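Good morning, and thank you for joining.

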Amino acid sequence: MTKAEKQKEPEKAPQWEPNIVGFLCNWCSYAGADLAGTSRIPYPCDVRIIRVPCSGRVDPLMILRAFREGADGVLVSGCHPGDCHYIEGNYYARRKFIALKQLLDHVGIDPRRFRVSWVSASEGRKWANVVEAVTRDLLEVGPFRYEEDGDD
Amino acid sequence: MARVGVFICWCGANIASTVDMETVTEAAAKLPHVVYATNYKYMCSDPGQKTIVDAALEHKLDGIVVAACSPRMHEPTFRAVAAEAGINPYRMQMANIREQCSWVHSDVDEATAKAVDAVRMMVARVAQSLALEPIKVPVTKRALVIGGGIAGIQAALDVADGGVETILVERTPSIGGKMAGLDETFPTLDCSQCILTPKMVDASRSELIKLYTYCEVEKVDGAVGNFKVTIRKKAKYVNTELCNGCGDCWHKCPYKKIPSEFDFGVGNRTAIYVPFPQAVPNIPVIDRETCVFFKTGKCRACEKACLRGAIDFEQEDQFEEVEVGAIIAATGYDLLDHTQMGEFRYGAIPDVITGLQFERMSSASGPTEGKILRPSNGEEPKVVVFVHCVGSRDEDYKEYCSKICCMYNAKHAVILKHRIHDARAYLFYIDVRAAGKGYEEFWKRACVEEDAEYLRGRVSRVYDEGGKVIVEGQDTLSGEQVEVAADLVVLATAIVPAKGSAELARILGISTDKDGFFNEAHPKLRPVDTATGGIFLAGCCQAPKDIPESVAQGSAAASKVLGLLSKEDITREPTVAVADPLICTGCWNCVNVCPFGAPEKSEITITVDGKKVTRAVSKITEAKCEGCGLCVATCPGNCIDQRGFSDDQVYAEIGGYLERVRAAKNSD
């Protein structure tokens with residue numbers, strides 16, 4: 001990595017860094033994240049990736065579980081609508097997550113903590129941008145405390 | 001407790017320069033379930049693999065975590081290592097600390113922390129991983145090829161050559177496809193029919209190939225190794241057993257002015273017809289839409305003419321179910337609909353034609369017997385404009401390059417010069433793309449020897465004036481506006497997937513790209529497979545291709561099919577969904593969402609309070625399940641889980657990471 005690239009990396013937040021769970025579709029976004037690696041595109045260090053066969057595999061309960069167990073943010077990334085490896089799994093995912101966002105708001109979890117993105121296997125750059133955006137949003141929203149802002 | 005070993009790979013300096021190996025190894029060794037942790041320079045190398053096998057035996061491991069590159073890179077490698085070490089391969093998990101860690105982060109502390117988390121998550125996952133065995137399914141040794149163009153014919157011939165029975169379904173009355181209508185082929189100018197028709201005859205003579213012409217695939221059930229395919233045999237109104245193809249019927253048919261689909265309207269056909277004289281099979285069909293008998297109930301001229309009594313107006317569409325182990329889709333292309341592109345005035349000016357219409361005119365067996373003529377007045381054109389990229393490489397229509405047009409335009413310019421010596425060809429182009437064997441030489445020959453005038457620029461306007469077609473455009477090399485008064489304008493129109501492709505994709509359960517072409521499983525490494533097991537692609541249905549590429553892909557698809565069908569059983573990934581019938585409430589959400597028809601409505605009989613009760617429950621057919629997990633996430637009663645991607649495994653990963661986070665938060 002060159003010095004110039006190192007300087008481009010976002011500066012570390014001095015006290016707090018968000019803890020983000022990312023559910024990535026094996027066929028697109030997971031491969032896109034791999035491509036960001038092979039292309040050496042730097043991005044913030046705050047997402048922990050869970051590989052799933054399809055964004056349609058992600059049960060909304062998994063997202064709620066992540067929040068309950070202490071995640072500050074959750075990201076689900078799948079194939080672009082129309083490009084699902086399993087034909088239409090991402091369409092179902094999209095509908096579920098729209099409903100979930102409303103539920104999050106309803107139960108007092110800031111919906112900005114949950115993001116859905118569509119990143120293809122060829123979009124390493126986009127994956128890096130998504131992680132940057134998610135991290136930036138969460139730095140604004142702040143840490144999540146289940147007892148405090150989830151259960152009042 | 002599980003007995004997990006953690007093996008951390010340096011990948012030379014690729015990982016070790018950013019992730020501190022000792023920190024990760026020490027952290028891993030302290031994790032629950034972990035009985036051994038070590039690191040090594042190249043875990044995938046021979047000594048690296050030996051390290052894993054030896055440690056597995058020494059420490060009696062029942063699970064392995066390899067923290068290294070992406071599982072997309074080396075999962076098969078380490079699964080094999082696990083098997084060698086006597087550990088179920090599905091209890092081996094890879095923590096991706098290269099692509100998704102060391103290569104994208106530069107801060108050693110941060111990257112190391114992330115790598116430790118990745119290991120924690122995977123150790124937790126392995127502890128929840130069941131031992132799985134690949135699913136074995138017996139194979140039906142028969143193949144189906146959909147589409148009887150050159151790609152499909154080649155595929156069928158090669159599969160049959162491998163000793164496997166092949167069903168070749170073609171929706172028009174004859175096999176041969178677009179290639180049968182072409183004149184000479186670039187870059188060698190050998191005659192298309194002369195090289196194709198022997199293959200068509202071979203296909204019809206082969207004992208192992210069953211031709212289903214004038215047929216369409218209606219429905220596909222089942223999965224790799226065992227598809228059940230319903231074929232609609234459209235009524236030909238001709239008894240194929242009795243007909244000998246003599247032609248008396250179509251000569252007597254009074255309606256001779258029906259634009260021929262095969263000739264793209266350049267020539268006409270009768271209502272009972274064979275599309276072209278070399279058709280295989282040489283048996284006519286009656287086109288119900290244009291036959292006057294079906295409209296008025298009168299005529300029967302063909303019936304009277306047929307001495308063998310082969311005409312049968314009573315025929316109806318029939319359906320036949322066939323069982324095959326593999327399917328090749330080779331449905332080819334059509335041209336982009338010109339009604340979208342008014343600026344070229346196709347359809348409005350008769351002397352504006354497509355490249356395929358030019359082919360039919362210049363073909364010696366075509367409707368004009370090889371004479372290139374102006375459709376407006378039947379005279380020889382002296383000035384012909386060829387327009388490249390009509391609808392291709394154009395953001396308003398199709399962004400992609402149709403790939404073959406540069407070469408066939410050059411070929412048309414050469415043929416024009418050969419047939420009409422004093423004619424002049426003008427070609428409006430954006431770039432000339434001639435990347436094929438002998439292609440660059442060929443278009444240069446068109447330029448230099450055959451006097452074709454290449455003008456680099458797009459056409460801006462086409463209109464008719466004084467019996468000529470005026471083509472305006474810009475020559476961007478000279479910077480001047482150009483105006484050519486042409487006798488004939490030939491459009492190199494964009495190639496699009498054949499009509500009905502979207503419907504077939506739905507029937508086959510395969511995906512299409514943004515332009516409707518069928519998606520290959522991997523753009524580089526699996527260009528012939530689809531993401532659906534047992535379904536392969538050949539020819540232009542996947543992307544625009546020329547003849548040699550279509551033939552190559554046809555043969556490639558055939559070899560994939562032969563490989564698949566050479567086995568008695570096939571193994572599939574066991575990561576399938578499983579429903580628990582005792583919890584299922586029969587809501588059918590899984591049945592409704594599954595794109596592959598794997599869950600089916602079924603019944604079980606159970607004993608409740610001593611009485612037998614029959615309940616409607618969902619049953620998932622392993623062989624049909626592609627393992628997407630959609631039903632698992634959709635089932636409201638939590639009665640479906642997915643092997644290899646179970647809820648427990650996912651929750652273990654979430655927990656493995658967030659346990660550390662909670663601990664850190666509480667210590668704040």
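How many disulfides does the rule count over all chains? The count comes to one, where a disulfide is taken as a pair of cysteine sulfur atoms within 2.5 Å. Before I go on, please note that this is a predicted model, in which local features need pLDDT of at least 70 and side-chain atom pairs count only at pLDDT 80 or more, while totals for chains, interfaces and linings use all residues. Residues are numbered from 1 along each chain as its sequence is written, chains are lettered from A and ligands numbered from 1 in the order in which they are written, and side-chain values use heavy atoms, with hydrogens and water left out.

The disulfide joins B:C191 to B:C194, with an S to S distance of 2.3 Å. The link of B:C191 and B:C194 is right-handed, with 90 degrees about the S-S bond. As for accessibility, buried means under 20% relative accessible area, exposed over 50%, and partly exposed in between, with a 1.4 Å probe and protein chains only. B:C191 counts as partly exposed because its relative accessibility is 27%, whereas B:C194, at 51%, counts as exposed.

Two further cysteines deserve mention. A:C54 is in no disulfide; its nearest cysteine sulfur, that of A:C84, lies 4.1 Å away. A:C54 has 2% relative accessibility and so counts as buried. B:C401 is likewise in no disulfide, the nearest cysteine sulfur being that of B:C406 at 6.2 Å. With a relative accessible area of 28%, B:C401 is partly exposed.

I turn now to the interface. Here 57 residues of chain A are in contact with 53 residues of chain B, contact meaning heavy atoms within 4.5 Å. Between them, the two chains bury about 4600 Å², of which 56% is on carbon and sulfur atoms. Buried area is the accessible area, with a 1.4 Å probe, that two parts lose on being put together, summed over both. Of the area that chain A buries against chain B, 16% is supplied by A:R48, A:R51 and A:R57, more than by any other three residues.

Which side chain meets that of A:R57 in a salt bridge? The partner is B:D641, at 3.7 Å from N to O.

Technical notes: A salt bridge is a side-chain nitrogen of Lys or Arg within 4 Å of a carboxyl oxygen of Asp or Glu.
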